[in-house]
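The sequence and structure come first, and the description follows.

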Amino acid sequence: MTGRARISVPASSGNLGAGFDVFGLAIDVRDEYQFEPAGRDSIEPAGKFLRHVPRDTRRNLAFRAFRSLAPAAAGPYRLRAVREIPPQGGLGGSASAIVGGLVAANHAFGLGLDDDELLRRATHIEGHPDNVAAALLGGLVLTVQSDAALHAVRVPFPSDIGIVVVVPGYHVPTARARAVLPADVSRSDAVANLGRAAMLVAALQTGRYAELRVATQDFLHQPYRAELNPALKPGVQAALDAGAYGAALSGSGPTLIAFAPKDRTMRVAGAMADVAIDASSGCETYVANAAETGAAEMEPLASA
Ligand code: HSE
């Protein structure tokens, strides 16, 4: 069976401060991946960031993920990739592509893989589970690796919290941001993060949003990544000063994320943008919502 598939996949923010490699939050900025049989393998980029879509099918993550599930006998395919997720880093662009390719192949070839299997495969390609889990399932997802199994639990994110995302003009490759992290951490830092990560979930579930200020603090990765991210410390402080509940590095950066009352989001965005512009050549600012829907199948568009 060879068919077409069009999949919409949200952006995602990993860590949320203390939940290093564990928390992923889907954000309502979405990429799209449409695969259809064609005369030869090809990629047609579209969207705001179309120039960041690799046209080489061997380098394009969505195409590679799609091929990893496609039957050997599947013929050539055209991918139409609509890129709206900012490419600078920290909003799960690679996770979106991987999930988009896998979910598209699952639909196009009628493979019947469940979310656990798709998540396992996506994590294997991405190298860490937080972004791919949120991109696949939507909402706030907690993932835990235990021996061979990957456990993922999705919890709803409160709809009365506004999300501010500020993308500075510099790029920080994830590999570099992971290379600066120490292999071992002290017990006091581990305990500090343990409490804050648990506190973040409790604060969101009980509506005690004031606790997000402490719950978004981190001792395991942000202190080491600050040197790569000049906007991090002043950006978090500016967000808090402007009335955000909490703020953190989004994934491995350079993007920053803040959680704020919905009537404060514009003020928080402006304060963070001022810092990001000081630290770089410019920035992109988004006032967004959490995406309750993860990867979703859409009606394919007519062929060009
Ligand atoms: N949890 C990952 C990291 C996310 O912080 O390295 C990468 O976007």
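## Strand pairing around S9

Strand S8 (residues 246-249) pairs with S9 in the antiparallel sense, over four bridges. The model is a predicted one: local features need pLDDT of at least 70, side-chain atom pairs count only at pLDDT 80 or more, and totals for chains, interfaces and linings use all residues. Residues are numbered from 1 along each chain as its sequence is written, and side-chain values use heavy atoms, with hydrogens and water left out.

Helices (H or I, at least four residues) and strands (E, at least two) are DSSP runs numbered from the N terminus, and two strands pair if DSSP finds at least two bridges between them. Strand S9 itself (residues 256-261) is mostly covered, with six of its six residues buried; buried means under 20% relative accessible area, exposed over 50%, and partly exposed in between (1.4 Å probe, protein chains only).

The hairpin of S8 and S9 has six residues between the strands, and Gly-251 takes a positive phi near 60° there. Ser-250 also lies in the loop between S8 and S9. Ser-250 has a relative accessible area of 0%, so it counts as buried. Not counting residues up to four places away in sequence, Ser-250 touches Ser-13, Gly-14, Gly-90, Leu-91, Thr-255, Leu-256 and Ile-257, where contact means heavy atoms within 4.5 Å.

## Nonpolar cores

A nonpolar core is a set of buried Ala, Val, Leu, Ile, Met, Phe, Trp, Tyr and Cys residues joined through side-chain atoms within 4.5 Å. The largest has 37 residues, of which Tyr-33, Phe-35, Phe-66, Leu-79, Val-99 and Phe-109 touch the most other members. Elements giving two or more residues to this core include strand S2 (19-37), helix H1 (61-69) and helix H2 (93-108). H2 gives the largest share, nine residues. Phe-66 is in contact with Phe-35, Tyr-77, Gly-101, Leu-102, Ala-104, Ala-105, Ala-108 and Phe-109, leaving aside neighbours within four places in sequence. A second, separate core of 31 residues includes Ile-163, Val-201, Leu-204 and Ile-257.

## Pockets and a cavity

On a 1 Å grid over the protein atoms alone, a cavity is a set of points where a 1.4 Å probe fits but cannot get out, and a pocket is an open set with protein on both sides within 12 Å along at least five of seven lines; lining residues have an atom within 4 Å of a point. Grid points are joined across faces, edges and corners, and a volume is the space filled by probe spheres set on the points.

| Space | Volume |
|---|---|
| Largest pocket | about 770 Å³ |
| Second largest pocket | about 280 Å³ |
| Largest cavity | about 40 Å³ |

The largest pocket is lined by 40 residues, with Leu-61, Arg-83, Pro-87, Gly-93 and Ser-94 nearest its centre. S2 supplies the largest share of that lining, four residues. In the second largest pocket, H9 gives the most to the lining, with five residues.

The largest cavity is lined by Ala-11, Ile-27, Val-29, Pro-86, Leu-91, Val-165, Tyr-286 and Ala-288.
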